[in-house]
Amino acid sequence: MLSCGKFHFDLTRPLVMGIVNVTPDSFSDGGHHASTAAAIAHARQLLQDGADILDIGGESTRPGAAYVGEQEELDRVLPVIEGLHGIALPISIDTWKPGVMTAALAAGACMVNDVNALQAEGALELVANTDAAVCLMHKQGDPHNMQEQPHYRNVTDEVYAFLRERVAAAEAAGIARERIVIDPGFGFGKTLAHNLDLLRGLESFRALGVPVLAGMSRKSMLGAITGREVGERVAASVAAALLAVQRGAAIVRVHDVRETVDALRIWQVVNE
Ligand code: 7PM
């Protein structure tokens, strides 16, 4: 069971979270009219393609990305969330900043996707005071340096222990289990070998008793295996999403919603 505000999923089939990145306008006049319109159009297309949840991000959580200030992030994401008002699926806000979480939830988002697992000051409490869902993700290090020297004694054990602690912290703050999702954070301070260990051991995360989200779409781990550039990783991404679902992922976070939904339909029918 997963509750995001007024939306409730029984999780009898895997869910597809579609990624909507709000990129800055290339010819910026201080406003974001073109990027807002493009993101809203993209979000509506992902709904048509069969997405169950939309994840709206102002690009502040990308590994290696330049720091995006809170006001800039708000200027990017809020008009998109407001423009999607009344859409028939839950909107997730991809941010680690409590100020952005608060404003996005007030504007209609009902899920927080936090690569920092609500470790920022005040983040647990602010989410607890809503009926929103939250995705608690693991990362090692900070986005600007985390791919330099990832190190683990046992990556699956360490990620598991971290997520167990964050689920306990969220529950202690008053966030019900039905609102919590966990994510091992593929590519966030992990080598290819670490990512493969996590995928092979994904089943074990189910013991935490909350839905598991997996995000491998178009990531460099897939590029490292196939030798393909980011725009040519659709087939690899669909295969990775299917393998994650086969290993118990309840939600996959993807760019290529239509292709992933088709693949998961085949998986479901074979499993009937
Ligand atoms: C460059 C590299 C740009 C990687 C963007 C990315 C996840 C996430 C991201 C994930 C959750 C992307 C990533 N990845 N949130 N945000 N899980 N919960 O592919 O794996 O969008 S950023």
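The legends below describe close-up views of a predicted model.

**View 1. An open sheet of 8 strands with parallel pairing.**
The strand order is β8-β7-β6-β5-β4-β3-β10-β9. The edges belong to β8 (180-183) and β9 (213-214). Each edge strand has a single partner, so one side of each is left without a neighbour in the sheet. Strands of a sheet pair through backbone hydrogen bonds, either parallel or antiparallel.

**View 2. Strand β6 beside strand β7.**
Residues 111-114 form β6, and residues 133-137 form β7. The two strands run parallel and are joined by 4 bridges. M111 faces A133 of β7 across this pairing.

**View 3. Helix α9 packed on the sheet.**
Helix α9 covers residues 257-270. The helix touches two strands, β3 (15-21) and β10 (251-254). Its direction makes about 170° with that of β3.

**View 4. Strand β3 between β10 and β4.**
Of the 7 residues of β3, 6 are buried, so the strand is largely enclosed by the rest of the structure. On the β10 side, 4 bridges hold a parallel pairing. There, L15 stands opposite I251. On the β4 side, the pairing is again parallel, over 5 bridges. G18 has L54 as its bridge partner in β4. I19 stands opposite D55 in β4.

**View 5. Strand β4, buried along its length.**
Strand β4 spans residues 53-57. How many of its 5 residues are buried? The count is 5 of 5, so β4 is largely enclosed by the rest of the structure. Both faces of the strand are covered. I53, D55 and G57 lie on one side, with L54 and I56 on the other. Strand β5 (residues 91-94) runs parallel to β4, and 4 bridges join the two. In this pairing, L54 stands opposite I91 of β5.

**View 6. The largest pocket, with a volume of about 770 Å³.**
The lining holds 36 residues. R62, P63, F188, S217 and K219 lie nearest the centre of the pocket. Which of the elements gives the most? Helix α7 does, with 3 residues. By class, the lining has 12 nonpolar, 15 polar and 9 charged residues.

**View 7. The second largest pocket, with about 370 Å³ of space.**
This pocket is lined by 18 residues. The closest to its centre are L11, R206, P211, G248 and A250. The lining divides into 10 nonpolar, 4 polar and 4 charged residues.

**View 8. The largest cavity, with about 30 Å³ of space.**
Rolling a probe the size of a water molecule over the atoms shows where empty space is left. A search of the whole structure for cavities of 30 Å³ or more finds 1. The largest cavity is lined by A214, M216, S217, S237, A240, A241, V252, R253 and V254. Helix α8 (234-246) and strand β10 each give two or more residues to this lining. By class, the lining has 6 nonpolar, 2 polar and 1 charged residues. S217 is part of this lining, and S217 is also among the residues nearest the centre of the largest pocket.

**View 9. A117 and L118 in the loop between β6 and α4.**
Most residues other than glycine have a negative phi, and most peptide bonds are trans. A117 has a positive phi, near 55°, and is not a glycine. L118 is not a glycine either, and its phi is positive at about 60°. Are these residues buried or exposed? A117 has a relative accessible area of 0%, and buried means under 20%, so A117 is buried. L118 also counts as buried, at 1% relative accessibility. The loop that holds A117 runs between β6 and α4 (123-128). L118 is found in the loop between β6 and α4 as well.

Technical notes:
Residues are numbered from 1 along each chain as its sequence is written. This is a predicted model: local features need pLDDT of at least 70, side-chain atom pairs count only at pLDDT 80 or more; totals for chains, interfaces and linings use all residues. Side-chain values use heavy atoms; hydrogens and water are left out. Two strands pair if DSSP finds at least two bridges between them. Contact means heavy atoms within 4.5 Å. Axes are lines fitted to C-alpha atoms, for helices over the stretch in contact, and angles run from 0 to 180 degrees between N-to-C directions. On a 1 Å grid over the protein atoms alone, a cavity is a set of points where a 1.4 Å probe fits but cannot get out, and a pocket is an open set with protein on both sides within 12 Å along at least five of seven lines; lining residues have an atom within 4 Å of a point. Grid points are joined across faces, edges and corners, and a volume is the space filled by probe spheres set on the points. Ala, Val, Leu, Ile, Met, Phe, Trp, Tyr, Cys and Pro count as nonpolar, Asp, Glu, Lys and Arg as charged, and the others, Gly among them, as polar. Buried means under 20% relative accessible area, exposed over 50%, partly exposed in between (1.4 Å probe, protein chains only).
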